[in-house]
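The following note sets out several points on the structure shown below. It is intended to be read alongside the sequence and the coordinates.

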Amino acid sequence: MLKCVPYYILLFFICVSCSNKNVDTYVPTSSPLKIPQLFQDNILSPVVPTNNPQTIEGIALGKKLFFDPILSADNTQACADCHAPENAFSDTDRFSDGIDGFFSNRNAMPLFNLAWNYDEKFFWDGRVFSLEHQAFQPVTDPLEMHNTWMQVEQKLQQNSEYPNLFEQAFGTSTIDSSLVTKAIAQFERTLISSNSKFDKHLLGEATLTSEELNGFNVFMDETKGDCFHCHGSDKNPLWTDNMFHNNGLDATITDLGLGEITGDPADNGKFKSPSLRNLTFTAPYMHDGRFATIDEVINHYSEGLQNSPTIDPLMKKVAQGGVQLSAQDKADLKAFLLTLSDYEFINNSDFKNL
Amino acid sequence: MQRIVHILIFSLITLLSCTSDNDDTISQANATFNFSHNWDASAVTNTDFNTIQYTNANGEQLSITKLRYLISSITFQKSDGEIFILDGYNLVDVTNNTNLSFTPITTIPTGSYSKVSFTFGFNNDANYNGNYSDLNSTSWSVPAMLGGGYHFMQLEGKFIDNTTTETGYAYHTIRAVDNSGTTQEFEDTFFEVDLGAVTITNNAVFEIDMNIAEWFKNPNAWDLNVLNNTLMPNFNAQILMFENGQNVFSLNTINQ
């Protein structure tokens, strides 16, 4: 009998290792992203990390944090100051000023449809992987909120509301930076823009004018605008490829963009293609906000291209300055681009600090 | 002592149960297709991109900055005419070093086949009767004004033009369409790549080579000074590409 004891012990451990832990764990309320029909029909599912599922409590916390200047060193600046809802979460200033009055050399990116950035490279130069990691940077950037995460954690921990909100969102009232960025990322993933006039046109709920339709054809015509290779189409409702290109802004590259991050000279001067949704609200344009109007942007591609070693091969007729659109085609292209603006998005109360 | 023997036997059985079954004969086999690329026998990977270092048949020096292409309809045909078409398609993306290996989820019976082939691009049924979210997401679709469907290949880069200026080229292949008349006229440009006969005895790996230089060589010496951009709506250019594509692919070896 004694000989069998080791086997019983072994059996016991095998059984124990397979048993469920019957410890009650708090689970916040699941709140999956509402995927728009055109997205569902045409493109891949959004990216939501398994370790940060969307929850009602997490999204609400993320929203509160997004609008709260508590994240900045002197309590004067919130995310929303440079990513304003009425501007599709971008900044009307060419360069945003941080709490110390310093300016970066990039224009604040608009925020929407971020869960459909499949490669998960964020910022104009793609320097951060994943939305959660993105949110770490502005808080400590000396040109932005100029804070330390230790200080942020302490302030939130001492706050009368936040510990309880973190408890509800993540099951712990002990606040750390990774939970802060997780909550913000959850809120940002809910910023879905899919109700522009052009979306409704594709769904048979709106009718485009002849100018807007011609503008769409200019956009899709390889002999005219040829915009679709990088900026989406009726089959890709993101209106961006989320890739990095040198679109011929400068003959001499000073801001290396992606090249600064990868260290590959072949990437110098490459920046992320921004979505063409919501252009009505997101001026100025380009990574450095150099163009104040859509007309200036169109003129750039039509006549203003500058050759450089890394200019994208899709930038054609560079020697002539670009694709040489007629005045009518330019006007129509602009009319079409404006149909991609989503007024329901910027007026959505879920996205405002009410 | 006896106890140690028991434990040893127990351990031995546990270990044996974890060995793989490679020695068994199988009746169904997986077919894997690996895609390698060269410029006239000189290997090309994405690490060779972005440098002007190749010379095409017409004498232009060029670089490659992007290469991706679609293959579909992998087909195994028996001598009695029975056909096995493997599900799925594959967008080979040399630029990002992804999808260079493709193993369809469907398997094939072991045995002798008189012909193995795949389609470069999509046949018309696949091209027009499917809406593929993965391909849409990577901006692979063709504008409706050119008939819709999908690109077959995007080969891009720079070349030194006849004014010694570094100039971009975008060698994009699609189904040829002529928009000059009142109605659109199409001509098929997908093509079958015949890999020959094979006897499948086990899971098989087909090593496929693409000689990129062939796209510029045979039978049409490609003049990039004339044909470098806006080739999608260029019916004649699409036919020339189709002709040059015929000898681009070759079977290197089959490992099984």
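**Notes on chain B**

1. The UniProt record, an unreviewed entry, assigns residues 30-224 of chain B to the feature "domain: Copper-binding protein MbnP-like". The structure discussed here is a predicted model. Across residues 30-224 of chain B, 46% of the chain is strand and 5% is helix. The end C-alpha atoms of this stretch are 41 Å apart.

2. Strand 17 of chain B (residues 204-211) pairs with strand 2 of chain B (residues 31-39) in the parallel sense, over 8 bridges. Within this pairing, Glu207(B) of strand 17 stands opposite Asn34(B).

3. Strand 17 of chain B also pairs with strand 18 of chain B (residues 249-255), here in the antiparallel sense and over 6 bridges. Asp209(B) has Ser250(B) in strand 18 of chain B as its bridge partner.

4. The contact between the chains involves 26 residues from chain A and 24 residues from chain B. On the side of chain B that touches chain A, at least two residues each come from helix 1 (2-16), helix 3 (133-137), strand 12 (153-160) and strand 13 (166-173). Helix 3 of chain B provides the largest share, with 4 residues.

5. What is the division of the residues on the side of chain B that touches chain A into nonpolar, polar and charged? There are 14 polar, 6 nonpolar and 4 charged residues on that side.

Terms used
Residues numbered from 1 in each chain as written. Chains lettered and ligands numbered in written order. Predicted model: local features only at pLDDT ≥ 70, side-chain atom pairs only at ≥ 80, totals over all residues. Pairing = 2+ DSSP bridges. Contact = placed C-beta atoms within 7 Å. Nonpolar A, V, L, I, M, F, W, Y, C, P; charged D, E, K, R; others polar. UniProt positions renumbered as here; feature names shortened; annotations may be inferred.
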